Amino acid sequence: MSHVELLTLATSVATQAAELAARRRVEGVAVADLKTSAVDVVTYADREGEQLIRGLLADARPDDGFCGEESGTSKGTSGLTWVVDPIDGTVNYLYGIPHYSVSVAVVEGEPDPATWRALAGAVVNPGARETYTATVGGGSFLNGERLRVADGVDLAEALIGTGFAYLQELRSEQGRVIAELLPQVRDIRRMGTASLDLCMVASGRMNGYFERGLNPWDHAAGALIAREAGATVKGRRNDTEGKDFILAAEPSVAVLLDAALARLSA
Ligand code: IPD
């Protein structure tokens, strides 16, 4: 399958799961479980969405691996793995804030962001009727319109997004970093959906974004979409937590934000 065909499949399964999530939202959302903390919520719709995507992908691509937020990782034999968040922004979803997404990426190699190569990704926001897509080397698109980040903004004029980890012990540390960064930038947003934060960098709605404590499914598709729109994307796995740090920004902002975060030891 070509990258474009993989993207067509990613977009199709993400769109079907987004339609299901939106329907379930209208019917009423129930919490199925709390994971690492009270903020780490899983709803029945998260589980149902992942089952739907997993089943559709298994029918279409039975030899591929799967790495999903709710049902874990299974290895395939093809060398490709689908990295899936059935509802990114679950807390927004639970509260009826229409800013959540279904995120589907297909990567080459082990499902480890340090080594994988993302080939295609789709992030669907049913609340805004927006679909972000990218293939490696093929550019990024929002509802079919090509995206290209701007450049040359100073950090003082940059709108920066971030998020907070589910690990409660990390959150006060993240609060300290925000308090010190806030006077250095135009403003800070915590929108609650990492995949859409990355897409908002791609579409120029934010100049930059960073977050510590992410899982692969939070950023696999969005990081590709940001990079293919011309953003600088830096990622690393934080050894102590086994979670990921991601910074994505317009190139000039990326340099300044990275340096500011280094000074703050973020
Ligand atoms: C979460 C969201 C949130 C981010 C958290 C993620 P989930 O994903 O993307 O914005 O701050 O780190 O875990 O749990 O809603 O899929």
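View 1. Leaving aside neighbours within four places in sequence, Leu94 is in contact with Val29, Val31, Val41 and Thr43; contact requires C-beta atoms, placed from the backbone, within 7 Å. This is a predicted model, in which local features need pLDDT of at least 70 and side-chain atom pairs count only at pLDDT 80 or more, while totals for chains, interfaces and linings use all residues. Residues are numbered from 1 along each chain as its sequence is written. Leu94 belongs to helix α3 (residues 90-95); helices (H or I, at least four residues) and strands (E, at least two) are DSSP runs, numbered from the N terminus. Leu94 is partly exposed, as 19 other C-beta atoms lie within 10 Å; a residue is buried with 20 or more other C-beta atoms within 10 Å of its own, exposed with 12 or fewer, and partly exposed in between, with C-beta atoms placed from the backbone. The C-alpha atoms of Leu94 and Ala32 are separated by 11 Å, the two residues being 62 apart along the chain.

**View 2. The annotated binding site.** In an unreviewed UniProt entry, the annotation "binding site" covers Glu69, Asp85, Ile87, Asp88 and Asp218. These residues span 150 residues in sequence, yet no two of their C-alpha atoms are more than 9.6 Å apart, so they gather at one spot. UniProt positions follow the numbering used here, feature names are shortened, and annotations may be inferred rather than shown by experiment. Ile87 is placed in strand β5 (residues 80-88) and is buried, with 32 other C-beta atoms within 10 Å. Beyond four places in sequence, the contacts of Ile87 are Ala21, Ala45, Asp46, Gly49, Tyr93, Tyr100 and Val102. Asp88 also lies in strand β5 and is buried, with 28 other C-beta atoms within 10 Å. Not counting residues up to four places away, Asp88 touches Tyr100, Ser101, Ser103, Thr193, Ala194, Ser195 and Asp218.

**View 3. The shell around the ligand.** Of the 16 residues around the ligand, Asp88, Thr90, Gly163, Gly192 and Ala194 come nearest; a residue counts as near if its C-beta atom, placed from the backbone, lies within 6 Å. Strands β5 and β13 (208-214) each supply at least two residues of this shell, and β13 gives the most, with 3 residues.

View 4. An open sheet of 8 strands has the order β4-β3-β5-β6-β7-β8-β9-β10, with mixed pairing; two strands pair if DSSP finds at least two bridges between them. The edge strands, β4 (72-74) and β10 (145-146), each pair on one side only. Helix α2 (residues 44-60) lies across β3, β5 and β6 (101-108), at about 155° to β5. Helix α5 (residues 194-202) packs on the sheet, touching β5, β6, β7 (117-125), β8 (130-135) and β9 (139-142), and its direction makes about 100° with that of β7. Axes are lines fitted to C-alpha atoms, for helices over the stretch in contact, and angles run from 0 to 180 degrees between N-to-C directions.

**View 5. Strand β7 and its partners.** Strand β7 is mostly covered, with 8 of its 9 residues buried. Antiparallel β6 and β7 are joined by 7 bridges, and Val104 stands opposite Ala122 in β7. Antiparallel β7 and β8 are joined by 6 bridges, and Gly121 stands opposite Ala134 in β8. The hairpin of β7 and β8 has 4 residues between the strands, and in this hairpin Arg129 takes a positive phi near 50°.

Definitions and conventions: Contact = placed C-beta atoms within 7 Å.
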